[in-house]
Amino acid sequence: MRSGVISDAGSLNICVLFDAVDRPAGGGNQFLKALIAQLRRLGHLVTTRPTRDTNVVLVNGFNYGPGRHLNVREIARLRRTGRMGLAGRLAQLPGYRAKRRRGPVLVHRVDGVPRLTRGVVTRADHVQPAVNALADHTVFQTDFCRTSFARHCEREPASWSVINNAVDPSIFFPRSAQHAPSESVLRLVATSWSTSPTKGFAALASLSRLPGVQLTFAGNWCQEVDPAETTDVGVLPSEQLADLLRASDAMVHAAVNEPCSNSIVEALACGLPVVYRDSGGNRELAGDYGIPLTDDYAAVMSSLATQWSALRQRVLDHRRRFLIGRAATEYVAAFREVIEGGGWNGL
């Protein structure tokens with residue numbers, strides 16, 4: 001065996017092939033940053049590029065980091081040789097070509113179907129299925145991710161699991177005291193990194209016009225939509241965003257075809273019930289902890305006020321589901337299963 005020895009303590013040498021940044025940059029960046037930190041706390045060695053001792057490489061969706069698409073040929077070299085860059089390219093030449101695969105296990109975290117969430121076809125729609133064809137195992141963020149990927153990409157991987165996103169509990173935690181919403185005002189919060197109209201900005205603006213509703217938005221607002229009475233606080237660092245969530249009564253998530261919203265998970269980790277558009281993976285995350293958003297906005301707000309205490313308690317009772325410790329444990333279990341099941345061909 002050339003590499004990939006698992007220590008007696010059971011720790012893994014994991015490459016998370018993603019360059020996370022310490023600034024707001026979308027849900028994928030936030031999740032992977034938290035995952036890397038938690039894997040290290042569990043005693044695993046984590047790098048962002050593979051080494052000769054790497055057991056498993058986690059490849060993210062269609063990018064290496066915010067705004068940087070994966071190179072499919074480079075992922076193919078990694079699978080074949082275990083290397084990236086010049087060494088990997090040389091190993092593909094006839095004189096260097098090994099008879100057997102020498103790369104580590106590849107696990108692919110699929111980010112839904114980009115054209116569904118963005119409303120337009122982009123390069124990501126071609127990159128992600130091509131990368132997935134090279135993977136030993138696929139992690140879908142929700143069951144909606146799995147079924148939509150199979151339908152739109154005409155491919156369902158033979159080896160897969162569903163692992164919901166999660167957040168850092170040292171940042172996203174509930175307020176210490178439970179206070180029911182004021183009888184005169186419901187304090188709602190909404191967040192979005194993307195400005196795509198599919199995020200439901202028009203619905204948020206309509207909600208902000210209701211009497212007795214105070215809506216605060218954090219993130220990037222779609223300039224094509226009048227914000228009406230929405231208070232737009234712009235992009236916030238995670239710590240300030242968590243403070244805003246704790247100061248609110250409920251989250252509103254009006255996006256359609258969302259695969260696995262980090263916004264929803266952050267709100268739930270902070271103890272907030274969620275008013276969610278019944279589309280994409282939203283119900284899978286928030287169905288037990290909120291109410292669907294229909295076009296009868298006044299009735300939805302009335303229902304929220306009536307059910308708030310029960311929903312809030314249910315969120316708190318199941319809060320562990322939304323925390324990074326649960327997600328990291330499930331990722332490690334998936335890594336071990338594919339390594340031990342022979343996904344590491346040729347070593």
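Helices (H or I, at least four residues) and strands (E, at least two) are taken here as DSSP runs, numbered from the N terminus. The model is a predicted one, in which local features need pLDDT of at least 70 and side-chain atom pairs count only at pLDDT 80 or more, while totals for chains, interfaces and linings use all residues. Residues are numbered from 1 along each chain as its sequence is written, and side-chain values use heavy atoms, with hydrogens and water left out.

- Six strands form an open sheet in the order 2-1-3-6-7-8 with parallel pairing, where two strands pair if DSSP finds at least two bridges between them.
- Strand 2 (45-47) and strand 8 (160-162) each have a single partner strand and stand at the edges, so one side of each is left without a neighbour in the sheet.
- Strand 6 (residues 105-110) pairs with strand 7 (residues 137-140) in the parallel sense over four bridges, and Val110 stands opposite Phe140 in strand 7.

**Largest cavity**
- A cavity is a set of points, on a 1 Å grid over the protein atoms alone, where a 1.4 Å probe fits but cannot get out, and its lining residues have an atom within 4 Å of a point.
- The largest cavity is lined by residues including Lys199, Phe217 and His253, and the elements giving two or more residues to this lining are strand 9 (186-192), helix 7 (201-208) and strand 12 (250-253).
- Strand 9 gives the most to that lining, with three residues.

Key
1 Å grid on protein atoms, 1.4 Å probe; cavity = no way out; pocket = protein on both sides within 12 Å on 5 of 7 lines; lining within 4 Å.
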